[in-house]
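Some labels in a structure rest on cut-offs.

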Amino acid sequence: MKRYYTVAIGIAISSFNIFASSAIIENPNSQLQTPQTEADSLRHEIALLKAEKEQNNLQLAQIAKDNKLKSIWGRPKSFSIGYINTTLDQSSVGLPDRDARFGAFFSFAKTFYLHKKPIANLIKIGLDLNFEVNYVNYEKGHNFSEGPDFNWDWRPGQDNEPIDYSNSYLGTHQIDLGIGLGPSVTIAPFSFLSGSINNLKASFYYHFTPSLSSLLFSESDDLKQSWAFNLYRSYGVKLSYKKLSLGIEHRNGEAKYKAMPIAYYEYKEESGNHYYEDEGYWYGTAKEGDKVKYKISEFRAYIGINF
């Protein structure tokens, strides 16, 4: 009888073990894992962390690159103020050139780059648009003649005493209002370097500036004014470092103004004394009211703020 009990207990224990093994295999959420399964899970988590870190590094590198490009190629607008040295060519009417006594200008400009990414990480091509106001005060001077010829260098005196004509008139002034447009090429030669040196740029440009121009002439309490359209052509170079820029340029133009006279003083001699008598205005080969072509040549130097 005992033998039967022993066999029955053995069969029951074997059946329980088989049932428990089947439950573990069928249940995927079972907490019982082999050492091999735990190692695979750990390696998987490490790989996910590495991939996430690499993705973050790529994003940070792109942000740093974008910030560098913005630092170098940002600030496309500028406000500039500068000095002008102007020569007014009056050879068309047989008169000598007039040089500027003083000149200044200010301008507001913006560069529209034609492509987003710089060529070879160094060069950008753009289109410049600027608005400017130009003022020139020409030299005060009179025309003294000995016979039909002029002598601009000699300032005469009566009985060897100098004659002061400096306050006899307000002089000749020129004012231009213009809008400029033209191509530019900007180079950042140190953009591949780290540090603030990569913000140094050089721009080379050529502009066309249609302008409304006015010449004002005042002498002997007489004011004469002439309006004209002047198309200036200018070329120059500008160096920029962050918010500061320095530039030089040359420009020239020509326009038809009313003939601008000069004061003419005739040499006189009487009873051994010599003097100069005011003979009025001299227009050269032109007549008062004639439209004549004057050529203008300018050198300009300026300082600007970029933003």
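Q: Why is Glu288 called exposed?
A: This is a predicted model. In it, Glu288 has a relative accessible area of 56%. Exposed means over 50%, so Glu288 counts as exposed.

Q: What makes Glu288 and Lys224 a salt bridge?
A: Their closest N and O atoms are 3.0 Å apart. The cut-off is within 4 Å, so the pair qualifies.

Q: Why does the pair of Glu288 and Lys224 tie together separate parts of the sequence?
A: Glu288 lies in the loop between strand E13 (273-282) and E14, and Lys224 lies in strand E10, so the pair joins parts 64 residues apart in sequence.

Q: Why does Arg300 count as buried?
A: Arg300 has 2% relative accessibility. Buried means under 20%, so Arg300 counts as buried.

Q: What about Glu249, buried or exposed?
A: Glu249 is at 7% relative accessibility. The limit for buried is under 20%, so Glu249 counts as buried.

Q: How do you know that Arg300 forms a salt bridge with Glu249?
A: The closest N and O atoms of Arg300 and Glu249 are 2.8 Å apart. That meets the cut-off of within 4 Å. The pair links distant parts of the chain, with Arg300 in strand E14 and Glu249 in strand E11, 51 residues apart.

Q: What makes Glu132 and Arg251 a salt bridge?
A: Their closest N and O atoms are 2.8 Å apart, and the cut-off is within 4 Å. Glu132 sits in strand E3 and Arg251 in strand E11, 119 residues apart. Both residues are buried.

Q: Which residues are linked in a network of salt bridges?
A: The network links Glu132, Glu249, Arg251, Glu298 and Arg300. The structure holds 7 salt bridges.

Q: Which element gives the largest share of the lining of the largest pocket?
A: H2 does, with 6 residues. The pocket has a volume of about 250 Å³. Its lining divides into 3 nonpolar, 2 polar and 6 charged residues.

How values were computed:
Residues are numbered from 1 along each chain as its sequence is written. This is a predicted model: local features need pLDDT of at least 70, side-chain atom pairs count only at pLDDT 80 or more; totals for chains, interfaces and linings use all residues. Side-chain values use heavy atoms; hydrogens and water are left out. On a 1 Å grid over the protein atoms alone, a cavity is a set of points where a 1.4 Å probe fits but cannot get out, and a pocket is an open set with protein on both sides within 12 Å along at least five of seven lines; lining residues have an atom within 4 Å of a point. Grid points are joined across faces, edges and corners, and a volume is the space filled by probe spheres set on the points. Helices (H or I, at least four residues) and strands (E, at least two) are DSSP runs, numbered from the N terminus. Ala, Val, Leu, Ile, Met, Phe, Trp, Tyr, Cys and Pro count as nonpolar, Asp, Glu, Lys and Arg as charged, and the others, Gly among them, as polar. A salt bridge is a side-chain nitrogen of Lys or Arg within 4 Å of a carboxyl oxygen of Asp or Glu. Buried means under 20% relative accessible area, exposed over 50%, partly exposed in between (1.4 Å probe, protein chains only).
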